[in-house]
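Q: I would like to go through this model piece by piece. Could we begin with one of the sheets and then move on to the helices and the chain contacts?

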Amino acid sequence: MNDMTTPTTAVDPRDVGGPRQPLMRVQALKKHFPLKRSSLGFGPKSAVRAVDGVSFEIRKGETLGVVGESGCGKSTTARLLMQLIVQDSGELVFDGATVGARELPLRDFRRQTQMVFQDSYSSLNPRMTIEDSVAFGPTVHGVSSRDALNRAHDLLARVGLEPARFAGRYPHELSGGQRQRVNIARALALEPRLVILDEAVSALDKSVEAQVLNLLEDLKRDFGLTYLFISHDLHVVRYMSDRVLVMYLGQVVEVGTATQVFDAPRHPYTRALLRSMPSGDPMQRTTEAPLSGDPPNPIDPPSGCRFHTRCAFAQAVCSQTQPDFIETAAGHGAACLRWQPGSGYMPPPDFPDLAETAAEVAHV
Amino acid sequence: MSEFAVELKDLRVEFRAPGKRIEAVNGVDLQLRQGEVVALIGESGSGKSVTLRTVMRLHPERNTRITGTLAVNGKNVLGMNPRTLADLRGKEVAMIFQEPLLALDPVYTVGAQIIEAIRRHEGVSQADARARALALFEKVRIPSPERRLTAYPHEMSGGMRQRAMIALALACNPKVLLADEPTTALDATVQIQILLLLRELQRDLGLSVIFVTHDIGAAVEVADRIAVMYAGRIVEEGTARDLILAPRHPYTIALLKSRAHGAMTRGTRLETIGGSPPDLSALPPGCAFAARCTLATDACRAAQPPAVEVSPGHHARCIRTDAAAAIAPMMVT
């Protein structure tokens, strides 16, 4: 039982397909939230197209970062991955097995995938002591309550909360950073393989955030975890991620290694997003906003490329043709007509090219 | 007009709760010159928002004790009665908040709220006030302003609501603007638009601004000077340039190090500040940061360190600024 606290460097016995098989493959995932019809009942039935055909994979042992503005579908994707909500269409394949099929029932899947949310307080039951919260999951999955409590104490110690001092406390008796450590311990109680961190450090102060990020890195190494790391803070995503996924209005617009996406973004949206980050240098203040306005409404997304309404390089064809996802380099791809052969898009001479962009975003 | 738009001297704010006293602000000295932008930065509980709200005396009178000097354009705010205070708020000093959806009244249109503010302070007609509101919406660049005046707050997007709140704050041409984390709840792409708008309005209208934020990046974008708060005191203050390029307080240095260029490189460990912020109901007699400071000595823990002028206009409340200089991060610029 105590092997939870010893590093597991050996191959995980639950690993089915070997290191080359993605831990999670997401295929054409779609989730629309229907809206109420107008009171008269006329007009077409509309829906918030929160996730609209998203495909990607999470490789074993990596941290995949997800970035995008609010409303781009980051959190809905995370909840779909956890099967907290059910997709309209699309498929999740976890280490070769389709989630929800006979080979991998939801109950078994959920033991292997856990999530940490942004709001550390509302994600803990206020009437349960933190040791009970951490032990609750394993008890549900058939571990005796005595063993589950012992394991909870080990985990609390592992995340830096001395059990003798903290185990009997209630969530309101802890600081935000301490509560988020409890949430992390709880996520690990079922020995998951994939942990989804949905803005898990966003509500913390910077000094506390750094402590939790270090802790997450240690835990990942010691327990052989895979992370899906969602955050709006690009600095943090760059620090944490091996690969990065950029979303815009329910779709994936760019995927690549952290270096590829941050140093040589291929989608104009990614580029604008990176340039929106304050440089932190009083000598290099931003003089012009890289993007104007708020993201469009996902109820009625723009036609063609969804970014064309805010894109500095949009041409007529962008409003008519939906771009395909094109691989521009090994492991790096973007959904922009610029990279699509025969799309009819004429790259203007000032279209950000690799070398130029790398220099421009070097300060990010 | 007074030389200082806002002048705080030894400002102390104490909240009383049953059985304890919370010392939220413990002797803040801050001078905001006319037309200047000062950013107050710090973590939660550092007293930055409490200081800001005290300038307009927004704390409940019943359980708050304010001592020290607090003057706005030379007028003593602590001595004001409810009526003169109401004249001050909105007319001379206005505030914008982090969450416009909470700050705006949900049952009135945004236009009605601006018109109400204008008519409260200036005896103008409904039509004139409406024309002023429309002009304000154009100034903060809300698209289709005519239509948006009749919109309710919930009908607007986050960025637009923040613009509407800025319009409301500027309705009576205040000279001092207090901004309490106005861009924290926004996406990075919208945040930079609002920061640029604030900078432009500040310049065009000659506003004096106190900008409270926990985000050093945002502070650097708008501020002339930056003051760093910790446990209810300003621990370091200087021009944005001095503070970022040559920080001298160990706390500022630690904050910057966690963010500096190259510090966040994949595979390296982040430098953290050990421990947690002090309990405001039981502050230590000495420097409040000493318990977490790598340079702390017994002298630090014994008495409150005085403010030291490390270079002209750049102050740090630390007795070990020389040692701190050696650990200051190197900025790659």
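A: In chain B, four strands form an open antiparallel sheet in the order β2-β1-β4-β5. Strands here are DSSP runs (E, at least two residues), helices are DSSP runs (H or I, at least four), and both are numbered from the N terminus; two strands pair if DSSP finds at least two bridges between them. This is a predicted model, in which local features need pLDDT of at least 70 and side-chain atom pairs count only at pLDDT 80 or more, while totals for chains, interfaces and linings use all residues. Residues are numbered from 1 along each chain as its sequence is written, and chains are lettered from A and ligands numbered from 1 in the order in which they are written.

Q: How many bridges join β1(B) to β2(B)?
A: There are 11 bridges between β1 (residues 4-17) and β2(B), and the two strands run antiparallel. Within this pairing, Leu11(B) has Val28(B) as its bridge partner.

Q: Turning to β8(B), how many of its six residues are buried?
A: Six of the six residues of β8(B) (208-213) are buried, so the strand is largely enclosed by the rest of the structure. A residue is buried if 20 or more other C-beta atoms, placed from the backbone, lie within 10 Å of its own, exposed if 12 or fewer, and partly exposed in between.

Q: Which residues lie on each side of β8(B)?
A: One side carries Ser208(B), Ile210(B) and Val212(B), and the other carries Val209(B), Phe211(B) and Thr213(B). In a regular strand, side chains alternate between the two faces of the sheet.

Q: What pairs with β8(B)?
A: Strand β3(B) (residues 37-41) pairs with β8(B) in the parallel sense over five bridges, and β7(B) (residues 176-180) also pairs with β8(B) in the parallel sense over five bridges. Val212(B) is the bridge partner of Leu40(B) and of Asp180(B).

Q: Where is Ala188(B) found, and is it buried or exposed?
A: Ala188(B) is in helix α8(B), residues 188-205, and is buried, because 23 other C-beta atoms lie within 10 Å. Leaving aside residues up to four places away in sequence, Ala188(B) touches His232(A), Leu273(A), Ser276(A) and Met277(A). Contact requires C-beta atoms, placed from the backbone, within 7 Å.

Q: How many residues of each chain are in contact across the two chains?
A: 31 residues of chain A are in contact with 34 residues of chain B. On the chain A side, α7 (206-223), α8 (234-240) and α10 (268-275) each supply at least two residues, and α7(A) gives the most, with six.

Q: Back in chain B, how do α4(B) and α7(B) pack?
A: Helix α4(B) (residues 110-121) and helix α7(B) (residues 158-169) pack at an angle of about 15°, with their axes 9 Å apart. Axes are lines fitted to C-alpha atoms, for helices over the stretch in contact, and angles run from 0 to 180 degrees between N-to-C directions. The two helices are therefore roughly parallel to each other (angles under 35 degrees count as roughly parallel, over 145 as roughly antiparallel, 65 to 115 as roughly perpendicular and the rest as oblique).

Q: Which residues make that contact?
A: Val110(B), Gln113(B), Ile114(B) and Ala117(B) of α4(B) and Ala164(B), Ala167(B) and Leu168(B) of α7(B) make the contact.
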